[in-house]
Amino acid sequence: MTAQPTPVLITVTGPDKPGVSSVLFAVLVRHGVEILDVEQVVIRGQLVLGVLVSTDHDAEGLQEYVEQAMASVAMAVEVEVGVDPETMTGSTHVVVVLGRPVTARAFSEVARGLAAQGVNIDTIRRVADYPVTGLELRVSVAEDTDEADAALRSALADLSATIGLDVAVERDVLARRAKRLIVFDVDSTLVQGEVIEMLAAKAGCADEVREVTEAAMRGELDFTESLHQRVALLKGLPATVLDEVAADLVLTPGARTTIRTLKRLGFRCGVVSGGFDYIIESLVDDLGLDFHAANELEIVDGHLTGRVVGEVVDRAGKAVALRRFAQQFGVPLAQCVAVGDGANDIDMLNTAGLGVAFNAKPALREVADTALSHPYLDVVLFVLGVTRAEIEAADAADGLELERL
């Protein structure tokens, strides 16, 4: 009767230096083992190397040789013979913790919250040190079901609101790094402030327009109705004011880095806005966006008439636009990302495979997959699994200066 292979877990720790891996694997080669899994991390110059192998031969003899080999390079080693590989399956979820700063107290609350849900932390790595500290945790849920997933998301969302950290949760599947199209809302997302309020300031009706805007963003007023009310207040405004406002737009910190990085990764990037196409076109040209959809203001004899031309891009219209662009570029909705801040973005975020609420009103935060509260758009990249080191390495290769604000 053929003996069953014995699984052996080898964990090497100590100062990171050349030759450690080669010495270990030389021993493994001599013993003819099968490699089942390998993982290595370096934290502040300290190496942690884990190798799970299977051997048909003398497991205890392998242990002795591994311990001798690691002693020769002054590394500590722990060898566990007969571990159960079934208990070492891959992580089920990725949890991204973002803060400025991430304090030990706050992080301990995250760890405690995960433990309360029966979740084990498999690995932790830093994904960003600027503009926020970002930690990516790969975790394992005991029962990877839709119910367990929903419970984990709900628990971490509640926790996030009390500890001052953003906590994003996604299933640890290949699709996480397979997103290919991203759509941004414009006002208070891609740019700072609300365009229609900037127009209203030129028309002398800023207070009236702001009141209607805030009611609409809170979900207290139908967006289409609110848009018609606000645009009506702009009647008689010279069309030249549109150029002035377009020139005054200020990008959200990190917006240029975000778009540049996503385009390098092959994303189709665009905007879908309840604002106005005349003004948004300048953003499209400046950032090299692939698509856009927005409302059209009626202009007669060089002045605004106070009316919108054509079908309004409202809450439902934003979702329709996302579907249209996804179909145009041949990208499944599951591989689309939507980022917005108001109630009129709800349908769009629900339609996308990943919906991100960015400094959002409560109505949107409640339905989004992930809610971010820091005023830096490049934080979206960390949620997508892109690290700050990868961003800066790519910028350096292109001869660009780091965008440090």
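How many salt bridges does the count come to? The answer is 21 salt bridges, where a salt bridge is a side-chain nitrogen of Lys or Arg within 4 Å of a carboxyl oxygen of Asp or Glu.

A note on the model: it is predicted, so local features need pLDDT of at least 70 and side-chain atom pairs need pLDDT 80 or more, while totals for chains, interfaces and linings use all residues. Residue numbers start from 1 along each chain as its sequence is written, and side-chain values use heavy atoms, with hydrogens and water left out.

**Figure 1. The whole protein.**
Helices (H or I, at least four residues) and strands (E, at least two) are DSSP runs, numbered from the N terminus. Along the principal axes, the C-alpha atoms fill a box of roughly 90 × 45 × 40 Å. Of the 405 residues, 49% count as buried; buried means under 20% relative accessible area, exposed means over 50%, and partly exposed is in between (1.4 Å probe, protein chains only). Take the contacts (heavy atoms within 4.5 Å) between residues at least 6 apart in sequence, and 66% of them join residues at least 24 apart.

Side chains of opposite charge can pair when their charged atoms come close. Here Arg138 pairs with Glu136, with the closest N and O atoms 2.8 Å apart. Arg138 is partly exposed, at 27% relative accessibility, whereas Glu136 is buried at 2%. Another pair to look at is Glu170 with Lys179, bridged at 3.8 Å, N to O. Is that pair buried or exposed? Both Glu170 and Lys179 are buried.

Glu197 and Arg210 meet through their side chains at 3.7 Å, N to O. Glu197 sits in α5 (residues 195–203) and Arg210 in α6 (residues 206–217), so this bridge ties together parts that are 13 residues apart in sequence. Glu197 counts as buried, at 17% relative accessibility, and Arg210 as partly exposed, at 31%.

Which residues of α15 (residues 388–397) are buried? They are Arg388, Ile391, Glu392 and Asp395. Looking down the axis of α15, these buried residues fall within an arc of 90°, so they line one face of the helix; the arc is that of the directions from the helix axis to the C-beta atoms. Turned away from that side is the face with the exposed residues Ala389 and Ala397. The cover over the buried residues includes β6 (119–128), α9 (255–264) and α14 (379–383). After α15 comes Gly399, with a positive phi near 75°.

Rolling a probe the size of a water molecule over the atoms shows where empty space is left. The grid has 1 Å spacing over the protein atoms alone: a cavity is a set of points where a 1.4 Å probe fits but cannot get out, a pocket is an open set with protein on both sides within 12 Å along at least five of seven lines, and lining residues have an atom within 4 Å of a point. Points are joined across faces, edges and corners, and a volume is the space filled by probe spheres set on them. Of its 15 lining residues, the closest to the centre are Arg153, Ala157, Arg365, Ala368 and Ala371. The largest share of the lining, 5 residues, comes from α4.

**Figure 2. The largest cavity.**
The volume here is about 140 Å³. Among the 15 lining residues, Asp187, Glu194, Phe223, Gly274 and Gly275 lie nearest the centre. Strand β10 supplies the largest share, 4 residues.

**Figure 3. The second largest cavity.**
About 30 Å³ of space lies in this one. Its lining includes Asp187 and Gly275, along with Ile279, Ile280 and Leu283. Helix α10 gives the most to the lining, with 3 residues.
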